[in-house]
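Here is a short note for your first look at this model. Keep the structure open and check each point as you read.

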Amino acid sequence: MEEFCKSLPKVELHAHINGSVSEVTIQKLLAKKRNFDQSFSFKKGSTATLKECFEKFRLIHQLTDNAKSVYQVTYDVIHEFHEDNVKYLELRSTPRAVQDTGMSKESYVESVLRAIRDCKDLDIKVRLLLAIDRRNGVQVGWETLKLAQKFQESHRDLIAGIDLSGDPNVGDARDYLPIFREAKKSGLKLALHLCEVPAPEETMDMLNLPPDRIGHGTCLHREAGGNQEFVDTVLKHNTPLELCLTSNLIGQTVPNLDNHQFKFWYEKKHPCIICTDDKGVFSTSLSEEYQLAASTFDLKQCDLWNLSEQSINYAFCEENVKEKLRDKFKVYKSKIEEQFNIKL
Ligand code: IMP
Ligand code: ZN
């Protein structure tokens with residue numbers, strides 16, 4: 001299965017840039033910094049609290065505190081996904097300004113976009129979502145939207161949408177609703193982290209937006225602290241779920257993989273997308289996530305193929321890009337069938 005998952009052409013729709021930084025890139029960045037003796041990721045099989053996960057992001061942010069490092073990280077992350085046979089990648093990142101280094105939120109986004117452009121000859125299409133961190137408040141949220149609208153004008157083909165992320169225990173997502181409604185009007189898609197932890201107050205209004213995709217949705221169903229109304233609303237809108245097994249396991253938002261929400265939604269034939277979340281911090285890759293899904297939920301090779309191919313439907317790119325991807329997948333399908341002597 002390992003070989004198959006690696007060979008499988010894949011679609012990654014939920015990857016935070018700074019959480020995706022590999023150990024190799026960390027070493028490059030560390031070479032430019034002094035007095036840094038920290039661990040930037042969790043070893044396979046380890047567990048942590050959400051607070052400890054967010055502490056890792058804070059550490060990484062100290063390394064990516066200038067436009068050059070942001071470029072380097074984005075460039076490397078795209079190459080790594082490409083090496084893992086990812087054919088379409090949606091990155092998301094929180095624009096950050098650092099006064100000491102002269103990095104503004106604009107130059108942050110410019111660095112990310114430049115890195116994406118510089119990878120255009122690779123066989124991987126990349127799009128960007130600007131992230132609103134719920135720890136930073138509504139005012140900053142509006143600034144992020146304005147930034148997205150500004151860059152939409154100059155880079156319409158690259159800026160795909162808006163994400164809501166950050167510590168799910170902080171703030172109330174409903175405060176950001178006017179921003180998301182405005183974003184929709186501008187043609188920006190919405191990928192929102194929702195119900196990562198039980199959130200009975202905010203969830204219903206958020207689901208009814210509705211977002212174009214939900215990140216995690218761990219606690220939507222009753223057994224995980226949600227309720228049937230949440231489930232029915234997600235089903236009614238057919239909102240795809242971005243599911244990140246290792247991330248949820250290490251962050252302990254699920255007790256174990258057998259109880260991961262993937263099973264609940266997959267059995268309902270609801271759109272499920274396997275994603276990495278933070279491949280660097282959680283020491284994983286998209287191939288490994290597919291493998292983990294296969295071994296945990298007893299999926300066959302054809303099930304994995306279908307999951308991967310169907311993810312194209314939920315991407316935030318133009319229809320013609322999706323068509324090209326589907327054509328490409330057809331070619332890969334026959335190659336893989338031959339390579340593994342199977343019928344998908
Ligand atoms: P960045 O936006 O590129 O700086 O990536 C790191 C940021 O992504 C973190 O500071 C969080 O705001 C966000 N993030 C990464 N993983 C998660 C998650 O599982 N839940 C919520 N937010 C996350
Ligand atoms: Zn995430």
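1. A search of the whole structure turns up 2 cavities of 30 Å³ or more. A cavity is a set of points, on a 1 Å grid over the protein atoms alone, where a 1.4 Å probe fits but cannot get out. Points are joined across faces, edges and corners, and a volume is the space filled by probe spheres set on them. Rolling a probe the size of a water molecule over the atoms shows where empty space is left.

2. Some ground rules. This is a predicted model, in which local features need pLDDT of at least 70, side-chain atom pairs count only at pLDDT 80 or more, and totals for chains, interfaces and linings use all residues. Residues are numbered from 1 along each chain as its sequence is written, chains are lettered from A and ligands numbered from 1 in the order in which they are written, and side-chain values use heavy atoms, with hydrogens and water left out.

3. The largest cavity holds about 360 Å³ of space. Its lining counts 27 residues, those with an atom within 4 Å of a grid point. H16, F54, F57, G166 and D278 lie nearest the centre. Helix 3 gives the most to this lining, with 5 residues. By class, the lining has 7 nonpolar, 14 polar and 6 charged residues. Here Ala, Val, Leu, Ile, Met, Phe, Trp, Tyr, Cys and Pro count as nonpolar, Asp, Glu, Lys and Arg as charged, and the others, Gly among them, as polar.

4. Where does ligand 1 sit? Ligand 1 is in the largest cavity; to sit there, more than half of its atoms must lie within 2 Å of the grid points. Around ligand 1 are 19 residues, of which H61, S93, T94, E196 and D278 come nearest. A residue counts as near if one of its heavy atoms lies within 4 Å.

5. Now the polar contacts of ligand 1, pairs of N or O atoms within 3.5 Å. A polar side-chain atom of H61 is 2.6 Å from an oxygen atom of the ligand. D277 also places a polar side-chain atom by a ligand oxygen atom, at 3.0 Å. An N or O atom in the side chain of E196 lies 2.9 Å from a nitrogen atom of ligand 1. Taken alone, ligand 1 exposes 490 Å², and the protein buries 98% of that. Areas come from the Shrake-Rupley method with a 1.4 Å probe.

6. What builds the shell around ligand 1? Helix 3 (50-63) and strand 2 (86-93) each supply at least two residues. Helices (H or I, at least four residues) and strands (E, at least two) are DSSP runs, numbered from the N terminus. The shell has 4 nonpolar, 9 polar and 6 charged residues.

7. The second largest cavity has a volume of about 50 Å³. Residues lining it include R134, G166, H193 and E196. Its lining divides into 5 nonpolar, 2 polar and 3 charged residues.

8. Finally, check the backbone. A cis peptide bond joins L209 and P210, with omega about -15°. P210 is in the loop between helix 8 (203-207) and strand 6 (213-216).

Key: Polar contact = N/O pair within 3.5 Å; in protein donor to acceptor, adjacent residues only side chain to side chain. 1 Å grid on protein atoms, 1.4 Å probe; cavity = no way out; pocket = protein on both sides within 12 Å on 5 of 7 lines; lining within 4 Å.
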